[in-house]
Amino acid sequence: MKVVVCIKQVPDTKGGVKFNPDGTLDRAAMMTIMNPDDKAGVEAALRLKDQYGAEVTVVTMGLPKAEDVLREAMAMGADKGVLVTDRVLGGADTWATSQTLAGALRNMEYDLIITGRQAIDGDTAQVGPQISEHLNIPVISYAQNLKIEGDSVIVERQYDDRYHVLKAKMPCLITALAELNEPRYMTPGGIFDACKADLTVWGRADLKDVEDSNLGLKGSPTQIAKASDKVRKGAGEKVTLDPAEAVDYIVGKLKEKHVI
């Protein structure tokens with residue numbers, strides 16, 4: 001079994017967010033982490049490796065420094081890492097990103113593709129399903145549990161306060177929730193091996209069956225009108241009143257704002 005996991009290096013929002021003049025994220029200037037849903041996807045793949053001897057490949061699109069998340073996944077136990085990086089791919093929205101990743105995946109053998117449900121820097125949950133459309137394979141999203149049965153995957157798909165049980169024949173794609181599992185830690189030996197390992201690096205020329213018009217900022221139909229960091233709230237109005245006066249004051253404010 002061959003499993004490919006699409007992962008993303010995302011900004012660590014605890015360190016603040018920075019933007020380029022065109023409204024896109026200035027990823028080179030920010031601290032980064034592996035996207036949490038993607039890390040759950042890596043763990044799911046590694047459990048398939050433990051159980052069935054699956055070969056696990058991780059792939060990411062990003063700046064050259066995105067190799068850090070590939071090596072992290074390899075230190076957890078992934079077998080191979082593929083970095084897709086090229087200046088012409090910068091500024092991609094979900095459409096252009098999914099086109100890029102699908103172009104890379106067409107060069108690879110896979111039975112199962114796993115992506116995170118969504119990335120914390122975009123929260124669109126679109127890239128995984130779009131990849132499946134480009135590759136013309138089934139997709140099961142919001143996976144909270146999965147198992148393999150013969151040549152099929154059986155997935156518990158989260159749905160409101162319950163879940164659906166869906167079965168799809170492989171090859172197929174699933175999108176993983178962070179709640180799917182508890183990702184394992186990197187091991188000292190894994191870190192050592194991952195640091196020495198060679199990564200496969202692909203650029204625009206390596207993408208298969210993708211038009212230039214569907215790549216990068218120019219190939220992105222979604223354009224950012226305005227972007228800003230968090231707006232800090234003011235201190236607000238502070239008053240000191242006894243309990244009875246405080247009740248009247250609060251009720252008055254609620255009526256003033258037409259809440260009641």
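Is aspartate 37 buried or exposed? At 5% relative accessibility, aspartate 37 counts as buried, a term that here denotes under 20% relative accessible area, with exposed over 50% and partly exposed in between (1.4 Å probe, protein chains only).

The model is predicted, so local features need pLDDT of at least 70 and side-chain atom pairs count only at pLDDT 80 or more, while totals for chains, interfaces and linings use all residues. Residues are numbered from 1 along each chain as its sequence is written, and side-chain values use heavy atoms, with hydrogens and water left out.

**Stop 1: the sheet**

Select the strands of the open sheet, which run in the order β9-β8-β7-β10-β6-β1-β4-β5-β11 with mixed pairing. Helices (H or I, at least four residues) and strands (E, at least two) are DSSP runs, numbered from the N terminus; two strands pair if DSSP finds at least two bridges between them. β9 (162–169) and β11 (200–202) stand at the edges with a single partner strand each, so one side of each has no neighbour in the sheet. On average, neighbouring strands are turned by 30° against each other, direction ignored; the axes are lines fitted to C-alpha atoms, for helices over the stretch in contact, and angles run from 0 to 180 degrees between N-to-C directions. Next, display β4 and β5, which pair in the parallel sense over five bridges. Valine 59 stands opposite valine 82 in β5.

**Stop 2: the nonpolar cores**

A nonpolar core is a set of buried Ala, Val, Leu, Ile, Met, Phe, Trp, Tyr and Cys residues joined through side-chain atoms within 4.5 Å. The largest has 38 residues, of which Val5, Ile7, Val42, Val58, Leu112, Ile114 and Val153 touch the most other members. Two or more residues of this core come from each of β1, α1, β4, α2, β6, β7 (139–149), β8 (152–159) and β10. Apart from it lies another core, of 22 residues, including Val84, Ala104, Trp202 and Leu207.

Centre the view on isoleucine 114. Among the residues it touches are Val3, Val5, Cys6, Ala44 and Ile174, not counting residues up to four places away in sequence; contact means heavy atoms within 4.5 Å.

**Stop 3: helix α2**

Select residues 67–76, helix α2, where eight of the ten residues are buried. These are Val69, Leu70, Arg71, Glu72, Ala73, Met74, Ala75 and Met76. Their cover includes β2 (9–11), β3 (32–34), α1 (36–52), β4 (55–61), β5 (80–84) and α5 (188–196). Glycine 77 follows α2 and has a positive phi, near 140°.

**Stop 4: the salt bridges**

The structure holds 16 salt bridges, each a side-chain nitrogen of Lys or Arg within 4 Å of a carboxyl oxygen of Asp or Glu.

Return to aspartate 37, whose side chain meets that of arginine 117 in a salt bridge (3.1 Å, N to O). Aspartate 37 belongs to helix α1 and arginine 117 to the loop between β6 and α4, 80 residues apart.

Then select glutamate 43 and arginine 184, which form a salt bridge with closest N and O atoms 2.8 Å apart. Glutamate 43 lies in helix α1 and arginine 184 in the loop between β10 (172–176) and α5, so the pair ties together parts 141 residues apart in sequence. Glutamate 43 counts as buried at 3% relative accessibility, whereas arginine 184 is partly exposed at 28%.
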